[in-house]
Amino acid sequence: MGRIVIGVKDVSVIPREQAKELLKKLRLKPWQLPWIRASDPLVKYAGARPGDILKIVEEFPTAEEVVCYRLVVPG
Amino acid sequence: MSLAESVETVPLKAIKSAKFGLLSPEIVRKYAIMEITTSEVYDEGGLPVRGGITDRRLGVAEPGARCETCGHAYDTCPGHFGYIELVKPVIHVGFARMIYDILRATCPNCGRIMLRNDEIKRYRERLARLRQRWRLLALNLHEKIRKKASERAVCPHCGHKKNKMKFERPYYFYEETEGGALVKLDPETLRERLAKVPGEDLELLGIDPAVARPEWAILRLLPVPPPHVRPSIQLESGVRSEDDLTHKLVDIIRMNEKLKMAIETGAPTNVIESLWDLLQYHVATYFDNELPGVPVAKHRSGRPLKGLAQRLKGKEGRFRGSLSGKRVNFSARTVISPDPNISINEVGVPYEIAKIVTVPERVTEWNIDFLRELVIRGPDVWPGANYVITPEGRRIDLRYVKDRKALAERLAPGWVVERHLIDGDVVLFNRQPSLHRVSMMGHIVKVLPGRTFRLHLSVCPPYNADFDGDEMNLHAPQTEEARAEARTLMLVEKQIITPRYGGSIIGARQDYIIGAYLLSHKSTFITKRELAYLLGAGMSAEDPPEPAILHPVELWTGKQVISHFLPRDLTWVQPTAFKSKCQDAFRCDRDEWIIVINGELVKGVLDKKSIGAEQIGSLWHRIARDYSPEVARRWLDSSLRVFLRFLDLHGFSLGMDSLHLPREAYEEIDRIVKSGIEKAYELLNDYRSGRLEAMPGLTVHETFENRIAEILSKVREEAAYVVERYLAKNSEGYLMAKTGARGSIINIVQMVAVLGQQTIRGERIRRGFRTRTLPHFPADDIGPHAGGFVQGAFKFGLSPIEYFFHAAAGRDGLIDTAVRTAQSGYMQRRLINALQDIYVAYDGTVRFGGTLLLQPLYGGDGVDVSRSDHGKIIDMGVLRLAARVGT
Ligand SMILES: [Mg+2]
Ligand SMILES: [Zn+2]
Ligand SMILES: [Zn+2]
């Protein structure tokens with residue numbers, strides 16, 4: 001596992017329990033999150049499997065740290 | 001029973017989901033009230049033929065007649081479908097591709113999908129799993145299954161060896177035999193094959209057999225829509241004109257009859273085939289008359305007939321023309337013209353329009369006297385009223401009320417009066433193309449004489465409006481809620497900071513800037529009379545300031561007038577456009593820095609940098625950001641008026657003497673131009689003799705072009721430097737360029753010194769004749785003159801050759817803009833279509849159409865740009881300044 005993509009600061013799998021809470025807070029079903037394919041290098045880097053929710057922290061020039069959540073899907 | 005009454009008796013149900021499928025022949029027959037059996041339309045008496053396409057059993061669409069099925073008149077009969085039984089089946093063009101896909105993936109012998117049983121089992125399980133959790137991913141799997149099945153040549157179920165299929169758009173299918181010959185497959189064969197495919201196998205391909213059996217895409221029964229869908233119109237001459245669909249249906253029936261006859265009389269196969277093909281053609285163009293590779297079906301006049309697809313497609317189609325966009329009431333459109341005396345919040349509305357566009361006002365005990373007065377004045381006198389609506393909902397048209405006084409007496413709380421637009425009403429104002437939020441803003445009505453809409457010059461930039469004939473639209477909101485929204489969200493003063501980049505899109509421009517500069521100038525003194533005039537123009541309600549000079553006459557400075565309108569607690573420091581030597585604002589004895597302390601402009605001249613629109617860190621941006629929209633608007637309204645009135649008093653005009661340069665200046669410019677051209681020719685010599693070395697990544701010629709462009713642009717730069725040095729500092733041209741009111745030093749250089757290099761598509765001019773740009777040059781001349789370098793200037797005139805190059809470059813610019821607007825317009829349409837369902841929810845998340853989440857926090861930082869300092873939440877510089885000045 002080498003470097004991650006430029007701009008992405010951190011990727012991690014959210015533990016099941018925390019993921020449930022997050023989805024409850026956002027009032028979402030898992031599939032309503034943005035998706036990311038299991039074949040994506042980011043997913044491999046984080047060691048995530050389909051059904052997991054990734055927390056991706058990116059760096060932007062306008063907003064220092066931007067968090068986004070992605071659902072890992074097969075493929 | 002009217003339609004309005006019947007609505008209440010219709011049972012209401014909420015739509016949970018919609019599913020699209022194909023009409024089965026059973027459903028077509030079940031929905032139909034009759035079969036169309038004859039191609040005759042009207043008999044000799046002009047009456048509909050029974051069993052024909054205009055049969056009264058299908059329903060009636062014109063007043064007077066009664067439907068023979070339901071007995072209702074035209075306004076309540078819903079219309080009833082019929083059907084045509086086709087002698088031979090034809091393909092539904094819209095599903096030809098689907099038919100091809102299914103045929104390729106299935107066995108022509110046994111109808112099974114071309115997959116082994118274990119594969120089928122595996123895919124079924126995967127589909128079941130995906131349907132539960134990843135419904136959208138199931139679509140991809142169907143595609144994968146189809147591809148896999150299509151690749152197999154031998155059927156795993158019956159061992160049949162499948163021939164390759166070929167599909168030729170729009171509706172021809174062929175099979176390739178062992179010999180390589182193509183055999184045409186007729187729709188009957190296709191239908192037999194499709195009917196064989198079992199339902200479970202269709203499910204693997206993503207088709208629900210309950211609502212869409214593929215053989216239903218081969219039409220045997222064609223539904224005939226009722227006349228409501230294809231009404232005939234009676235022309236003034238009494239001639240009846242039928243709808244395009246009716247014409248098309250008649251064609252289909254005729255061809256069907258011919259085909260039937262041919263089959264019954266035992267005509268040769270090729271005759272039957274060609275008639276069948278014609279029937280297919282008519283049915284296909286009935287659905288879509290713009291099929292590629294199919295001749296367009298035409299009306300007798302040569303006009304192309306409108307198929308069903310043409311009714312829906314495109315700008316004028318049902319979706320874009322009738323559903324997403326339609327014409328509306330309570331709106332007006334006319335030419336716009338400027339009015340610097342109204343507020344930026346206002347819009348001038350002509351009396352003629354104010355008397356037609358109305359606002360419904362509910363009668364209460366507080367406005368009853370006012371509304372009675374309006375009703376009495378009636379529809380023809382402004383301000384009046386056009387309609388009165390009783391509590392029972394009856395609309396009374398005041399044009400036909402004889403005794404309006406009596407009606408006004410009957411007015412009581414609960415009635416509604418549709419009164420004329422009056423001063424103070426809020427309306428929406430819009431100019432196309434509506435590219436961003438501020439293309440439509442709320443304005444306060446001011447009814448004025450004249451026939452144009454009047455708007456303040458400062459609101460031109462958001463609309464991108466000018467007054468060379470531009471027209472704009474006005475909409476009067478019809479509910480209290482809509483009016484409240486327009487006032488609190490859309491009003492111009494609330495849009496000063498644009499959501500595009502957090503800067504003020506509204507601000508001083510052109511005349512205002514030069515007026516403000518002149519007023520703020522150190523040498524400007526104002527008499528008592530003038531002061532009264534200016535403060536009056538600014539609508540000041542406060543006492544005038546003490547004079548700056550008491551003896552021998554009382555005089556005020558221009559800065560005092562400006563200060564008079566500034567917010568009392570405003571403190572601000574910024575450099576002006578004239579900043580040169582002063583580095584410290586507080587140790588500068590010239591007007592190079594603006595210093596405002598507690599609303600007092602103590603130093604500095606106003607210019608575009610301080611009061612113009614879109615300026616970062618400017619005085620105006622501070623006023624717009626740190627005070628309420630209302631305060632900012634009032635400052636702009638009154639100060640701009642003052643600047644303009646002062647400019648009136650002062651006078652300002654640009655003439656030839658504003659562009660005067662002394663002899664030495666021209667000598668210097670001549671030297672610069674001459675040496676530049678000399679250098680260009682030296683370079684040309686180097687290039688010709690092969691001494692020029694290529695720069696990295698470029699050819700020798702590209703290197704030459706780069707270098708020559710560099711040399712010639714340097715000529716203009718150096719000339720600009722000379723012009724700036726010699727041009728009188730108080731000349732109008734210089735002041736306009738320097739303050740940012742209009743134009744730049746480059747424009748002045750082009751007028752007085754050199755026009756410079758002309759370009760086409762960003763390159764020196766090189767096209768024209770075979771070996772040269774114009775016949776006036778020697779062959780292969782690529783020197784500065786032949787390449788479009790203009791040595792002349794506007795003040796002294798251009799040579800004919802220079803003039804030609806200048807015109808060519810000008811035309812290139814025009815073409816470029818035209819192409820760009822067309823391209824960006826189309827891109828805008830597609831973007832807006834894709835993004836229109838995105839919204840920021842109340843929890844700060846960005847969601848799509850109420851289902852998908854796009855961003856957990858709007859923009860990643862949760863900043864509303866239109867409430868920000870150029871995208872930042874706060875401007876740190878402002879805080880530091882506050883600490884420095886100590887307020
Ligand atoms: Mg225009
Ligand atoms: Zn009817
Ligand atoms: Zn088979």
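This is a predicted model: local features need pLDDT of at least 70, side-chain atom pairs count only at pLDDT 80 or more; totals for chains, interfaces and linings use all residues.
**Figure 1. Overall build of chain B.** Chain B holds 28 helices and 30 strands. Its radius of gyration is 39 Å, well over the 29 Å that the globule rule gives for 887 residues, so chain B is more spread out than a compact globule. The C-alpha trace spans about 115 × 100 × 65 Å along its principal axes. Of the 887 residues in chain B, 44% are buried. Among contacts with a separation of 6 or more, 66% join residues 24 or more positions apart.

**Figure 2. Surface and charge of chain B.** The accessible surface of chain B comes to about 48,100 Å². Carbon and sulfur atoms account for 54% of that surface. Chain B carries 125 positive and 111 negative side chains. The centres of these two sets lie 4 Å apart.

**Figure 3. Strand β15 of chain B, covered on both faces.** β15(B) runs over residues 426-430. Five of its five residues are buried, so the strand is largely enclosed by the rest of the structure. In a regular strand the side chains alternate between the two faces of the sheet. On one side of β15(B) are Val426(B), Leu428(B) and Asn430(B). On the other are Val427(B) and Phe429(B). Both sets are buried.

**Figure 4. The pairing partners of β15 in chain B.** β15(B) pairs with two strands shown here, β16(B) and β18(B). With β16(B), residues 440-448, the pairing is antiparallel over five bridges. There, Val427(B) has His443(B) as its bridge partner. With β18(B), residues 471-475, the pairing is again antiparallel, over three bridges. In that pair, Phe429(B) stands opposite Leu474(B). Val427(B) and Phe429(B) lie on one side of β15(B), and both are buried.

Figure 5. Strands β4(B), residues 172-176, and β5(B), residues 182-185, run antiparallel. Four bridges join them. Five residues lie between the two strands. Within this hairpin, Gly180(B) takes a positive phi near 95°.

**Figure 6. Helix α25 of chain B and its cover.** α25(B) spans residues 732-739. The helix is mostly covered, with six of its eight residues buried. The buried residues are Gly733(B), Tyr734(B), Leu735(B), Met736(B), Ala737(B) and Thr739(B). Their cover includes four other helices of chain B: α17 (511-520), α20 (608-611), α24 (700-726) and α26 (745-752). Just after α25(B) comes Gly740(B), which takes a positive phi of about 85°.

**Figure 7. Gly849(B) in the loop between β29 and β30.** The loop that holds Gly849(B) lies between β29 (846-848) and β30 (852-855) of chain B. Gly849(B) has 47% relative accessibility, so this glycine counts as partly exposed. The exposed class begins over 50%. Leaving out residues up to four places away in sequence, Gly849(B) touches Asp837(B) and Tyr839(B). Gln836(B) is 13 residues from Gly849(B) in sequence. In space the two C-alpha atoms are 8.6 Å apart.

Terms used:
Residues are numbered from 1 along each chain as its sequence is written. Chains are lettered from A and ligands numbered from 1 in the order in which they are written. Side-chain values use heavy atoms; hydrogens and water are left out. Buried means under 20% relative accessible area, exposed over 50%, partly exposed in between (1.4 Å probe, protein chains only). Two strands pair if DSSP finds at least two bridges between them. The radius of gyration is taken over C-alpha atoms; the globule rule is 2.2 Å times the number of residues to the power 0.38. Contact means heavy atoms within 4.5 Å. Accessible areas come from the Shrake-Rupley method with a 1.4 Å probe; for residues, only the protein chains shown count as cover. Lys and Arg count as positive and Asp and Glu as negative; His and the chain ends are not counted. The place of a charge is taken as NZ of Lys, CZ of Arg, CG of Asp or CD of Glu.
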